[in-house]
Amino acid sequence: MISELPILSLITFSPLIGIIILALLPRGSSRWLRVTAIGTAILPLLLSLWLYADYDSAKDGKPYEEQVTWVDTHFDRLSDGASNSLSFKLQYHMGIDGLSLPLLLLTTIVALMAALASVHIKKRWKSFYIWFLLLEIGMMGVFMARDVILFFVFFEMTLIPMFFLIGIWGYMGREKAANRFLIYNGIGSAIMLIAFVLLISTAGFSIESESVQFFSGSYDVIKANLMDPQAAVNAASAWNGNYGNLFMSESMHWTIFILLLIAFGIKLPIFPFHTWMLRVHTEAPPSIVMIHSGILLKMGAYGLLRFGIILFPEQAHEWATVLAVLGVINILYGAVLAFVQKEFKLVLAYSSISHMGIVLLGIASLNEIGLQGAMIQLVSHGLISALLFLIVGSLYERTGTTELGELGGLARSMPFMSGVLLTAGMASLGLPGLSGFIGEFLSLLGLFESMRILTAVAVLGVILTAVYVLRSVLAITFGPMQEKYVALRDARLIEAVPMIALVAFIVLIGIFPAVLTEPMKHGFDTLLQQLSGKVGG
Amino acid sequence: MEKYINNYVIVAIFIVLGILLPVVALTVGRMLRPNKPNEEKKTTYESGNEPVGEGQVRFNVRYYLFALMFVIFDIETVFLYPWAVAYNQLGLFVLVEMAIFVSLLLIGLIYAWKKKVLTWNSI
Amino acid sequence: MQVVQQQLQPFTWSDAAYLAPEWILIVVAIALVILDLAMPRRMNRTVIGWLTLGGLLTSLGFVIWRLIDMKGAPLPEGVNAQLGNTIRLFGDSYRIDGFSSLMKIIFLAAAVLIVLISIGTVRSKEIPNKGEFYYLLLPAVVGAMVMVSSSDLITLYVGLELLSITTYILVGMRKYIVQSAEAAFKYVVTGGISSALLLFGISYFYGASGSTNLGQIGMKAAQAGDLTPLMYVGFFFVLAGFGIKIAAAPFHLWAADVYQGAPTPISAFLGVISKAAALAVLFRIVQNVGLLGSYTKPIADDVNLAVLIMAAAAMIAGTTAALRQHNMKRLLALSGVANAGYLLVPVGLGLSGLHTYVGEFIFYLVVYLFMNIGAFAVLSVISKAAGHEELKGFGGLYYRAPWTAVATIVFVLSLAGLPITGGFFGKLFILLGAAQAQNYWIVPIMVVTSVISYYFYFGIIRQMFMRSTGDDQEIAVPGTTGIVIWLSAAAVVALGVMPGAVMDFVYKYFSIAADMLFLYL
Amino acid sequence: MGTWLDETLTWGNALIFFLWGVILLAIVLGFVTYAIYFERKVIGWMQLRIGPNRVGPLGLLQTVADILKLLIKEDTIPRKADRMLFILAPALAYVPAFAVLAVIPYTQDLYFADINVGLLYYVALSGISTIAIVIGGWSSNNKYALLGGMRSAAQMISYEVPLVISVVGVVMMTGSLNLRIIGEQQGNWFWEWNFLPQIIGFVVFIIAAVSELNRTPFDLPEAESELVAGYHVEYSGFRFAFFMLTEYVYVYAIAALTTVLFLGGWHAPAPFLDFVPGIIWFLLKFSCIVFFLFWLRATMPRIRVDQLMGFGWKVLLPLAILNVFITALYLELFIKG
Amino acid sequence: MLSSYLMVAAILFCIGLYGALVKKNAVIVLLCIELMLNAVNLNLVAFSKYGVGASLTGQMFTLFTIAIAAAEAAVGIAILIALFRARGTVNVDDYDEMRR
């Protein structure tokens with residue numbers, strides 16, 4: 001039944017309803033605006049949960065595919081026969097599989113939580129929520145797009161709302177942060193666009209029939225062509241000799257792979273490209289950092305997996321060590337710097353870098369366990385960092401600071417929030433039973449199969465994590481408390497609900513990781529087959 | 001061809017003669033006439049007064065407007081002449097074409113007229 | 001396939017009917033001149049603006065009607081469908097074909113929008129002769145139309161000068177503002193140099209082929225191998241001449257000054273119509289050599305490379321120079337330089353055996369039309385309210401005119417090439433074309449300059465949403481200008497959502513063989 | 001003349017051409033000398049004076065004496081003048097005036113250059129004199145001279161337009177710009193000459209021509225009462241003489257041109273008068289025009305500058321254009337069939 | 001024969017271009033542009049006489065060029081006069097109203 005509905009589009013575009021209602025509401029009524037926004041954010045969550053319930057991993061998301069031709073241009077060609085027409089085909093192609101489903105769920109959950117957490121926003125609610133919902137559309141679209149151009153469109157759709165959300169509702173240095181965000185990510189997506197354009201023009205060629213040939217950005221077409229390039233070249237040459245040479249050479253493979261690595265590396269962020277995200281973490285409003293740290297960073301990893309690793313397994317395999325080394329650098333660098341930060345938001349920012357390093361490790365392992373670990377780590381870190389920034393936002397609202405030195409002993413005035421903070425910290429450092437552990441463990445386990453020394457070094461980083469997390473969390477919750485913090489209120493209901501929900505999800509994954517691994521089961525099958533085939537042969 | 005060259009040789013000769021006459025006359029004159037310049041003689045004439053200010057005063061922009069009109073209508077004749085020469089061999093449509101062309105210019109004239117370019121009210 | 005040596009046919013009344021769009025504009029212009037003269041001095045000249053608009057719309061109607069009629073007309077016996085349906089007048093010196101009609105639609109649409117902006121925002125205080133302002137636009141548009149329709153270099157030159165000379169005057173229309181006269185003078189000088197360069201190049205084309213007909217030049221030059229050096233010289237100068245007209249680097253230095261001094265609608269006119277006309281003609285000339293290229297490959301390759309280098313230079317120079325601008329018009333001028341670069345890419349890709357990139361070109365041109373004119377419309381509203389054209393005039397626009405601010409976001413996103421606007425697809429199509437033609441080096445230049453341009457485009461957004469001028473008075477948007485703003489914004493979004501429609505339209509009416517290579521069977 | 005023109009150019013032929021040129025120059029100079037004399041005489045008679053009568057019998061040597069006087073007069077150049085241009089101007093004025101004479105035919109066989117674009121040549125060269133006048137006025141660095149020069153230029157260019165357009169009708173009827181052919185094609189009866197069929201053109205031409213000559217009633221550039229002497233205020237001695245010479249050479253040229261274009265050239269007014277040689281007819285018509293010019297000077301007052309400009313642009317130019325189209329229609333309807 | 005014409009034209013053109021770009025007097029700049037256009041005319045006429053398919057087209061083109069160049073010059077000088085009245089100078093270097 002559900003597969004008869006265009007469920008993916010419904011999920012993606014359900015926030016549009018909210019946007020329309022918001023546009024019609026008057027500017028001043030903060031209450032109604034907020035209710036509308038939260039109500040709208042529930043919609044995709046419910047739909048995606050329904051999808052999750054209906055999802056059968058054995059079918060690998062096939063029933064839900066939606067495919068509509070978007071652009072189909074028939075070029076006028078200088079030729080004698082009318083038969084060999086050529087077109088550029090762009091499709092609205094949405095699909096879901098084991099890779100996307102967990103991240104989609106993560107998106108809808110975190111987005112709702114962030115909507116709830118946006119009580120901290122004090123001005124211009126209307127446009128805030130409109131941008132917010134647009135951002136959500138973009139994020140969900142990214143995880144479901146099956147056409148590279150469509151992917152890019154959604155990817156960019158997250159960029160613009162973020163610029164506004166940071167630039168208007170951020171803290172003191174918001175404009176600079178927004179700018180830096182824009183330029184860095186702009187460069188990232190530009191590189192991605194270059195890679196996609198090269199992909200389309202070299203591997204996007206498809207012969208549908210004698211008279212219909214086209215270039216397209218279809219993921220399936222590109223994947224098929226890349227998996228068996230010789231067949232594609234033969235077919236194209238048979239049709240018209242000129243086209244044979246269009247197909248990719250080895251060097252083109254490498255060019256595209258490295259471009260993709262850089263593009264998604266900026267988003268992830270991989271070590272030298274990370275500076276922009278620190279600023280965003282400190283300057284953006286808390287609910288936006290929840291989204292940013294919880295989801296946007298994951299888009300980088302997702303992209304790397306879907307386009308970098310799956311399309312170019314050979315290159316990925318050759319560069320596995322490089323990836324792993326980058327991962328380890330991320331872990332250590334993030335952890336060490338997190339350790340010395342005096343500002344809690346920066347601690348969390350560096351910890352994000354560190355955790356993303358673990359994802360990189362999982363990816364670099366290129367085996368099922370590692371990849372699953374990476375995926376779980378993505379979801380888990382999304383939830384944890386969302387939770388942490390939710391708390392940060394609440395703290396800041398009450399105390400006006402996030403400096404570790406100025407906070408302390410808050411456990412006494414707000415026990416509930418401190419407890420949640422502690423739980424989140426534990427999850428973050430990978431306490432068994434909480435989600436963080438599963439991700440880290442599986443990733444490291446995966447990597448251990450191929451690169452033992454690096455794994456050992458990485459574990460060192462994980463230990464460092466425990467140190468800095470505990471140091472900062474304890475500095476906030478325990479120790480001497482300043483006088484002015486005595487009368488602080490504990491979490492309000494609207495804050496408590498998302499906190500509890502997030503904690504619940506963290507615990508759920510920690511105890512019962514199968515909620516994620518089950519749909520993922522077949523997600524990597526083709527990749528792994530290909531890997532073993534290619535690398536073995 | 002001979003005729004063609006000869007004709008222009010004549011033209012050249014006329015031009016040369018035109019140049020020679022002033023040159024010769026002025027050279028002869030130089031031998032005959034007295035030459036006793038003094039400062040008084042060399043002042044600019046201004047009705048017997050001491051000259052005031054610059055001689056090359058800024059003149060009315062109206063002169064420029066006339067020059068502009070001249071350019072436009074003179075160019076018109078550039079196109080009118082070949083047309084006129086060949087008129088007897090051309091069809092009715094050419095007449096219409098020229099009528100359009102000229103009427104466009106006439107509209108320009110009317111424009112200038114209306115904008116009071118042709119009314120001379122100073123100098 | 002061959003270029004037919006057509007005898008000079010007498011001009012007939014049906015030929016005149018083919019020229020209806022041009023006639024109408026000229027007749028309306030003349031009628032308006034007379035009307036303006038006859039009208040009492042104190043009467044408001046806005047009515048002339050409306051009549052101008054009417055003339056443009058009528059002409060547009062005729063162009064579209066002709067385009068459809070031409071496609072539907074039965075072909076003569078034995079004529080290849082790819083080659084037929086071109087109307088050739090005046091001994092094949094004037095062509096009405098798919099490409100020229102499409103371009104004419106663009107010019108006329110742009111002119112309509114520009115007139116609408118003017119009706120809303122032109123002030124008599126700045127431009128005392130409002131009537132002249134309106135009716136001078138018409139011959140300028142006719143000039144552009146003649147340019148794209150001409151298949152003979154003489155006709156081309158006449159059209160070009162008709163366009164140029166009228167725009168020289170239009171730039172200087174702000175009579176009491178020194179900048180305006182200065183801009184006009186600079187434009188005259190650069191324009192004059194540009195026509196001289198162009199003509200010099202053309203004279204070499206003529207020398208190398210003995211003809212001024214584009215099709216003939218292509219054919220003859222392909223046969224006469226030893227005259228290739230002449231063709232090279234010709235191309236060098238023609239490229240430079242058009243380079244100035246389209247403000248492509250390194251010939252772009254005039255653009256910022258001239259745009260700044262000109263009345264805002266005229267800046268839009270220069271940015272869209274003048275540029276598009278020159279680009280379209282350049283496209284034709286370069287493509288024509290594509291045919292030549294099939295015989296003597298190097299010249300086509302070299303010319304294409306030169307165009308691409310010019311394009312790259314324009315993108316880089318335009319974007320980097322725009323980073324420093326605080327004046328909105330200068331910024332848009334330099335953004336126009338960069339856009340000229342993007343538009344030059346499909347021109348320079350050549351006939352790479354796959355297809356021409358005319359669809360990409362026209363699509364981006366349409367997008368550019370709407371986003372640029374939209375931006376100028378917003379600017380004209382704001383400069384009217386603020387009294388200046390500095391970037392800071394946009395400060396706090398969100399509070400003063402929220403919907404206009406929203407529309408401006410659309411234009412800015414499109415200019416920056418971000419989805420889901422037409423600008424994104426325009427650039428994407430061009431990128432894909434470049435990659436298909438295996439000109440990989442131009443791809444990163446295009447993309448990276450786009451990203452650099454975010455900095456100044458988003459600077460506008462920063463002003464609108466994150467700053468404030470302290471003046472919270474609402475800005476009244478004049479009705480007609482508002483129409484332009486919303487029409488353009490809607491068009492930009494529509495092009496971003498359904499880009500295929502325009503591309504289909506273009507390729508339905510366009511034929512390489514007939515429109516670009518002037519072949520005829 | 002025609003025989004030599006058809007021969008190959010040799011130094012001998014060139015010498016012959018040169019001699020012919022010198023002869024013409026002598027004739028022209030003689031004409032100028034006595035034109036001035038007769039002008040003064042005619043005006044004198046018309047104003048019931050005697051005119052020059054002291055030098056030589058009947059004052060015949062008066063002009064010769066004037067020329068000699070100018071020749072031995074001191075030549076002053078103002079300190080502030082632009083020396084180079086000041087010296088150049090009179091010569092520049094004179095050269096085209098003489099050069100245009102090259103294309104004027106006198107009879108069927110007596111002509112100098114037989115150029116196909118003769119009329120255009122005349123129009124083009126005569127335009128150069130305007131520049132000379134402006135240069136003269138400007139280089140004097142004198143307010144009167146400058147104003148005189150500018151006025152003169154404005155006037156000359158204003159009337160050049162109707163002048164040039166008024167002959168288009170003639171060109172259309174003839175189908176040639178060659179002055180010899182134009183003269184030749186006019187019929188043997190005087191009503192077949194161009195001045196009747198082209199009456200509008202003729203009138204416009206004459207008026208414009210008088211104005212081009214800067215003669216009364218259009219002698220504003222030299223308006224003594226306003227501008228002292230116009231553009232040549234600062235000129236003295238023989239340089240001044242060259243401006244005067246130019247003026248009278250143009251009188252010669254215009255008179256000859258009018259004769260050729262409109263008055264049938266060397267044709268007799270009726271076929272039975274053919275026994276009189278063509279050159280006599282030519283000279284007769286030529287003299288009539290010259291006389292007409294003197295007559296005008298004696299009778300007409302000088303018009304105002306606004307009238308001058310207005311008349312040229314608002315009356316003569318439309319009339320000239322009208323003439324072109326009337327001619328075109330006439331040819332279309334009655335001649336071309 | 002042809003090449004000498006072309007050479008003269010090219011030299012004229014270069015002089016014109018040089019002047020148009022370098023000269024300080026605005027009037028001279030305009031004149032230099034005319035010079036460039038006349039170089040083109042020379043080219044066209046030379047090609048029309050001695051070029052490959054020698055034809056009258058070149059001369060016709062010249063006619064058009066002359067006419068249009070006149071119009072361009074007229075407009076150019078009109079604008080220059082307007083500018084001169086506003087700024088009181090014909091020195092191109094002083095036309096820097098927009099660089100301030």
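**Chains.** I started with chains A and B: no contact joins them, and their closest C-alpha atoms lie 39 Å apart. For contact I take heavy atoms within 4.5 Å. Chains D and E also have no contact, with their closest C-alpha atoms 14 Å apart. Five pairs of chains are in contact, and of these B and D share the most contacts.

**Ground rules.** I keep in mind that this is a predicted model, where local features need pLDDT of at least 70, side-chain atom pairs count only at pLDDT 80 or more, and totals for chains, interfaces and linings use all residues. Residues are numbered from 1 along each chain as its sequence is written, chains are lettered from A and ligands numbered from 1 in the order in which they are written, and side-chain values use heavy atoms, with hydrogens and water left out.

**Chain C against chain B.** I looked up this interface next. Chain C puts in ten residues and chain B eight residues. The area buried between them is about 850 Å², and carbon and sulfur atoms give 77% of that. Buried area here is the accessible area (1.4 Å probe) that two parts lose on being put together, summed over both. I find one salt bridge across the interface of chain C and chain B. The side chains of B:Lys115 and C:Glu132 meet in a salt bridge at 3.1 Å, N to O. The rule for a salt bridge is a side-chain nitrogen of Lys or Arg within 4 Å of a carboxyl oxygen of Asp or Glu.

**Salt bridges elsewhere.** Over all chains, I get 26 salt bridges. A:Glu495 is buried at 1% relative accessible area, and A:Arg398 is buried at 17%. My cut-offs are under 20% for buried, over 50% for exposed and partly exposed in between (1.4 Å probe, protein chains only). I also noted that A:Lys122, A:Glu397, A:Arg398, A:Arg492 and A:Glu495 are linked in a network of salt bridges.

In chain C, the side chains of C:Glu22 and C:Lys104 form a salt bridge at 2.9 Å, N to O. C:Glu22 sits in helix α2 (residues 20–38) of chain C and C:Lys104 in helix α4 (residues 98–121) of chain C, so the pair ties together parts 82 residues apart in sequence. Both C:Glu22 and C:Lys104 are buried.

Chain D has D:Arg40 and D:Asp66 in a salt bridge at 3.1 Å, N to O. D:Arg40 is partly exposed at 35% relative accessible area, and D:Asp66 is partly exposed at 26%.

**The sheet in chain A.** Here I found four strands in an open sheet, in the order β1-β2-β4-β3, with mixed pairing. Strands pair if DSSP finds at least two bridges between them. β1 (66–74) and β3 (205–207) of chain A stand at the edges with a single partner strand each, so one side of each is left without a neighbour in the sheet. β1(A) pairs with β2 (residues 86–94) of chain A in the antiparallel sense over eight bridges. A:Thr73 has A:Phe88 in β2(A) as its bridge partner.

**Two buried spots.** A:Thr402 is in the loop between α16 (368–399) and α17 (410–413) of chain A, and I read it as buried at 6%. E:Leu37 is in helix α2 (residues 26–50) of chain E and is buried at 1%. Leaving aside residues up to four places away in sequence, E:Leu37 touches C:Tyr157, C:Ala196, C:Leu199 and E:Ala69.

**Cysteines.** How many disulfides does a search of the whole structure find? Zero, over all chains, taking a disulfide as a pair of cysteine sulfur atoms within 2.5 Å. The sulfur of E:Cys14 is 12 Å from its closest cysteine sulfur, in E:Cys32, too far for a bond. E:Cys14 is partly exposed at 48% relative accessibility, while E:Cys32 is buried at 10%.
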